Amino acid sequence: MASRTGQRFGNGRAAAPNEIIINVGAGETRVAILEHQTFAELHIERERERSVAGMVVKGRVTRVLPGMQAAFVDIGLEKAAFLYVGDYLDEEGHLDPDVEDEEGARPRRGRGRHANRPIPNIETVLREGQEIIVQVAKEPIGSKGARITSHVSIAGRHLVLTPWAKRVGVSRRIDSDRERRRLREVVTRLSGGKLGFIIRTAGEGTSEADLEADVNYLSSVWEQIQERRDRVSAPTVLFEELALPLRAIRDFANSRTRRIAIDDPDTHRSMQEFLARFVADPKPQLELYTGALPIFDHFGIEVNIDENLGRKVWLRSGGYLIIDQSEALTSIDVNTGRYVGKRDLEETVLKTNLEAVQEVVHQLRFRNIGGLIIIDLIDMESAENREKVHRALQEALREDKAKTNLLKISDLGLVEMTRKRTRENLVQQLCEPCSYCDGRGYVISAESVAYKVLREIRKDLPRFCGRQIAVSVNPRVAEMLLGPARRATQRLSGELGREIEIRARPGLHQEQFEVVALDRGPAVEIPLGWLGDRERRTAGSRKDGGPTTPMEESSGASSGDGESPLAEPDGEAGSKPDSEPALAVDVGSENPIIPRLQIGEDS
């Protein structure tokens, strides 16, 4: 195998020397990429939720949406995948052969520079129940299903197979025109024009024998996909990406990789076989770690994971970043913090911003933040300084493999940029919304809850008058009721005529409370319409000399006269009462409870 002089990016700079540290545990595999002895990237794959990006599937169309010019496709995941009509047309071979990005992905037709091309309506090319071959372009993220395309591309070590294209392309990051021509000629000859290929950045300087091995491997994979497609019904997986340790070799190992360390013997053997078959000389050193400490602790990686997940990230100078991720965008705020500079304010701001943009790129890569990103730099008066910071940010982004689009610094000191997102970011992978605040990031203050409790009691004041009640609340709310809100609590106690007992319950949520009556309440008169009608009928019967009812007999025996005990005392027999008769009942109980009240957003 021919050796390579080193990989280079599109800016002409050689790939950074790196180390790959792999931890294989029960149910979880983690890969850390160290560049210049700095923790640069972390990749995690779990058995229960293995990555589906790159998976080729025979799917079934479940819904066609003309209003969105898209369709939903069942590919066997929990949620149906989303297919835009422009992503489906690629299967017909209508590709722009001159457009290639760094790893072979092509822009979707019908958008941007391709907006002038006519796109048929989605209902003319897809129908419900139709079975199609698609590939997962973006994993399900949050509440969104996977994004899919019928433009299948399968990555090898040096090449990317694009079966629908029937052409050979070269990564833009390979600078040399002479090398680009050589690679194109070799791959065109080896493929025979039957399938399309794109030469990856890793293919620069690769021998013809290594390229031929890649062509043969990828061609055999496509043949297996075609054969399996005809034998199975949708939804069925036709091809899955390599396991994470092997993908790490394929995507991150280069001629300047110092070593690959792994702590699992079985995975170590499979990686040895992969290196021997697919990686050109000089091969990176593969080590089996057998130390007593966990491998991530040995290399000082474990502690860095927790430090880099915080909302606040400190800079070496004393400044800091505040990183806030939301559904729409990620905002990064730059602050001078403890850094006060030496000479003047403009110099202090410039140095802080220059250091900040380096850390911003590091955080974007480490957390795998994608989508729209807004960076709020410290305001700079000098246009020259703004340009220096912008160039520094551009230079730092060149080491990021993800596709980015960077705009100039605005007059407000804001930088707008986008970064390609293909999978969940690290925070989404490792964290979950706070169960205490339901992911809001805040709870209603103890003081607000305290006054809310008093208002709720006052709302039911007639029910509680004359009765002693106990209020169970969170300890912080209890402090407020017995402290700053004590006067309001005492005033309410006076209205009740009894003291309110405040109980602190540690396990109770700060936004919840319970109100309990500790004694029986007084009798309450309840008007009963049916009883009034009966009294009127009874009075009429007496006037006519009719028989008395059993109730009258019982009443007469106990009262010594013929009047009903529910009639007005001074009323004449047979006269209509001034108001409806009422039944005196005791509605008290030993411990009537008002149900627990939640006064958060959902109340």
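The structure holds 5 aromatic pairs, a pair being rings of Phe, Tyr or Trp (its six-membered ring) with centres within 6.5 Å. In one of them, the ring centres of Phe-72 and Phe-82 are 5.8 Å apart and the planes stand at 70°, so the pair is edge-to-face; planes under 30 degrees apart count as stacked, over 60 as edge-to-face and the rest as tilted. Phe-72 belongs to strand E5 (residues 70–74) and Phe-82 to strand E6 (residues 81–84), so the pair ties together parts 10 residues apart in sequence. Strands (E, at least two residues) and helices (H or I, at least four) are DSSP runs, numbered from the N terminus.

This is a predicted model, in which local features need pLDDT of at least 70 and side-chain atom pairs count only at pLDDT 80 or more, while totals for chains, interfaces and linings use all residues. Residues are numbered from 1 along each chain as its sequence is written, and side-chain values use heavy atoms, with hydrogens and water left out.

Charges also sit over rings, the criterion being NZ of Lys or CZ of Arg within 6 Å of the ring centre and within 35 degrees of the ring normal.

| Charged residue | Ring | Distance to ring centre |
|---|---|---|
| Lys-312 | Tyr-320 | 4.5 Å |
| Arg-338 | Trp-314 | 4.2 Å |

An open sheet of 5 strands has the order E3-E2-E1-E14-E15, with mixed pairing; two strands pair if DSSP finds at least two bridges between them. Strand E3 (38–46) and strand E15 (285–288) stand at the edges with a single partner strand each, so one side of each lacks a neighbour in the sheet. Strands E1 (residues 18–25) and E2 (residues 28–35) run antiparallel and are joined by 8 bridges.
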